[in-house]
Amino acid sequence: MGRFIIMRLLSSVPVVLGVVTITFALMYLLPGDPAASMLARSGASSEQIAALRVELGLDQPLYLQYFHYLVQVVQGNLGVSLASNKPVTEMLLEVLPKTLALVFAALLIAIPLGTVMGVTAAVRQNTLVDRVLVGISALGVSVPSFWLALLLILLFSVTLRWFPASGQGELRHLVLPTLVLAFGAIGTVARTARTSMIDVLKQDYIRTARASGKSEREVLYRHALPNALVPVVTMIGLQFGWLISGSFIVETVFSRQGLGSMLINAILDKDLPLVQGAVLATAILYVTLNLLVDLTYGAIDPRIRYE
Amino acid sequence: MTTVQATPSLGPTRLLLRRVLGNATALAALATLLLFAGIALAAPWLAPFDPYQVYPERSLMPPGREHLMGTDLLGRDIFSRVLYGARVSLLIGFVSVGISAAVGVVLGLLAGYYGGLLDNLVMRLIDTLMAFPGILLALTIVALLGPGLVNVMIAVGIGGIANYARLVRASVLSIKEEVYVEAARSVGVRDRRIIFRHVLPNALPPVLVLASMSYGWALLSAAGLSFLGLGATPPLAEWGAMLSDGRSLMWDAPWTAIFPGIAILCVVLAANLLGDALRDILDPRLRL
């Protein structure tokens with residue numbers, strides 16, 4: 001177990017380094033001089049641009065700049081936003097809880113509901129119920145979230161006036177964005193749960209349990225379900241990442257503040273430090289969460305070992 | 001005298017086609033995709049109006065006999081724009097999936113066949129790409145290349161590479177242990193020939209499944225980026241961009257957003273269902 005934890009921790013080091021390298025490279029892969037483009041909006045003189053180049057260390061060799069960037073990132077210093085002049089780290093910490101609230105709310109709906117749908121479909125495989133549930137989950141993964149969001153706004157905000165179409169702070173503001181975000185995840189969770197349950201129901205130990213005269217209910221919920229849930233648990237980390245990236249669009253449609261709307265505005269504004277910071281924060285968050293899920297999973301299931 | 005009649009053996013392609021045609025869902029999905037492909041090709045003949053012609057006096061007309069799907073703010077016929085939009089949106093999907101598959105297959109082949117340091121490097125790269133969930137990688141690349149339709153295709157294409165590379169690498173690892181590869185190697189066939197004649201053809205069926213499944217994803221991502229204002233720019237008739245236009249008109253003219261969305265949903269759903277069916281037909285063990 002100790003070896004598993006250490007190997008798994010070590011395996012995420014190159015990934016994190018890779019992510020940092022990509023965000024570092026963003027600055028250099030952009031056409032033009034970074035200092036000039038950063039000062040472009042203020043109409044700075046060439047002396048000011050030269051001064052900023054020195055300040056940013058752009059006059060130093062690339063490996064030194066990279067090392068400097070690494071040190072800054074480790075210290076949690078992600079530079080200053082060009083648009084607002086505020087430290088990027090501070091801005092990220094301000095919006096992060098808002099995005100996480102949305103993502104967790106969606107997970108909280110999608111995981112139980114998706115599991116129930118998937119398991120029900122599997123137990124009644126090839127019946128009408130199964131077909132309807134499979135249809136709903138196919139719809140879930142196929143519907144454009146931005147379109148679903150507009151439809152829900154049309155129905156619940158414009159026509160029925162139940163929930164607001166934008167804003168945040170209260171629970172009622174969270175309802176529609178959460179529903180939109182959860183719908184896609186429900187589809188994925190349900191598909192996984194269904195496939196896994198169908199697999200488990202074919203196993204020998206299920207046949208043995210049935211043959212021993214146990215009630216169908218006991219066979220399904222005591223013997224099959226716990227085993228069928230394992231792949232669903234491993235999906236939580238993956239789903240988390242998809243939900244964060246899904247929240248980018250949802251936040252924009254519902255005019256919510258968050259990591260995604262901030263990143264998209266930063267891209268449109270060409271606010272490079274903020275883009276770097278938001279991309280880095282999202283990827284590191286995702287890697288860390290997957291690491292935690294894997295470690296928990298390794299602790300729960302003793303069969304899991306690092307290859 | 002009796003003649004021995006050889007039973008015509010079905011090639012893998014015909015066998016696949018026969019099975020797809022025998023599967024109701026796959027057939028419906030394929031028919032839907034073909035229908036949209038037909039619409040894309042025949043748009044100039046099918047569209048009752050010029051999709052770019054502005055009629056200020058016809059602004060925001062609701063769906064009716066003359067304008068089946070109504071008109072947008074500039075009085076353009078939405079039905080005609082949805083038909084023309086099929087050209088742009090379907091093409092984006094094809095180009096993006098093409099980029100993902102081409103680069104991913106090559107990376108997976110090389111990493112899986114040669115192993116060693118190359119494999120290690122490729123896999124670390126893939127791991128890094130996988131650390132950018134969903135649309136984040138595409139967004140990052142658009143941030144780099146700047147907004148625009150071509151850049152969105154490249155961005156979404158790069159965003160999908162990792163899945164293909166992993167899939168192909170895994171197939172190659174098992175294929176290269178097969179006796180026929182061993183046999184080819186032992187008689188001195190060159191690596192390049194082994195890769196292209198023996199390994200690649202056998203690694204392709206799962207790629208086909210992934211391509212079908214990721215087509216829907218690519219189309220959704222590209223439409224999403226256009227919706228965010230990072231992809232297709234006005235006045236281009238592209239479904240995501242049309243939805244973006246319709247967003248602010250949702251209160252007064254919901255039809256401006258509803259119809260392009262239905263078009264996206266139909267194509268993505270069909271691609272996903274076809275992918276599912278292909279997976280079941282080709283390899284029931286393959287789950288993505």
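Trainee: How are H5(A) and H11(A) oriented to each other?
Mentor: Angles under 35 degrees count as roughly parallel, over 145 as roughly antiparallel, 65 to 115 as roughly perpendicular and the rest as oblique. Axes are lines fitted to C-alpha atoms, for helices over the stretch in contact, and angles run from 0 to 180 degrees between N-to-C directions. Helix H5 (residues 88-123) of chain A packs against H11(A) at about 130°, the axes being 8 Å apart. The two helices, H5(A) and H11(A), are therefore oblique to each other.

Trainee: Which residues make the contact of H5(A) with H11(A)?
Mentor: Two residues are in contact if their C-beta atoms, placed from the backbone, lie within 7 Å. H5(A) supplies A:Met91, A:Val95, A:Leu96 and A:Thr99, and H11(A) supplies A:Leu259, A:Gly260 and A:Met262. By class, that contact has five nonpolar, two polar and no charged residues. Ala, Val, Leu, Ile, Met, Phe, Trp, Tyr, Cys and Pro count as nonpolar, Asp, Glu, Lys and Arg as charged, and the others, Gly among them, as polar.

Trainee: What should I know about the model and its numbering?
Mentor: This is a predicted model, in which local features need pLDDT of at least 70 and side-chain atom pairs count only at pLDDT 80 or more, while totals for chains, interfaces and linings use all residues. Residues are numbered from 1 along each chain as its sequence is written, and chains are lettered from A and ligands numbered from 1 in the order in which they are written.

Trainee: How many helices and strands does chain A have?
Mentor: Helices (H or I, at least four residues) and strands (E, at least two) are DSSP runs, numbered from the N terminus. Chain A has twelve helices and zero strands. Its C-alpha trace spans about 85 × 60 × 30 Å along the principal axes.

Trainee: Why does the span of H4(A) agree with expectation?
Mentor: The expected span is 1.5 Å times one less than the number of residues. Helix H4 (residues 62-74) of chain A has 13 residues and should span 18 Å, and its end C-alpha atoms are 18 Å apart, so the two agree. After H4(A) comes A:Gly76, with a positive phi near 80°.

Trainee: How many residues of chain A are in contact with chain B?
Mentor: On chain A, 39 residues are in contact with 36 residues of chain B. H10(A) gives the most to that side of chain A, with eight residues. By class, the side of chain A that touches chain B has 31 nonpolar, eight polar and no charged residues.
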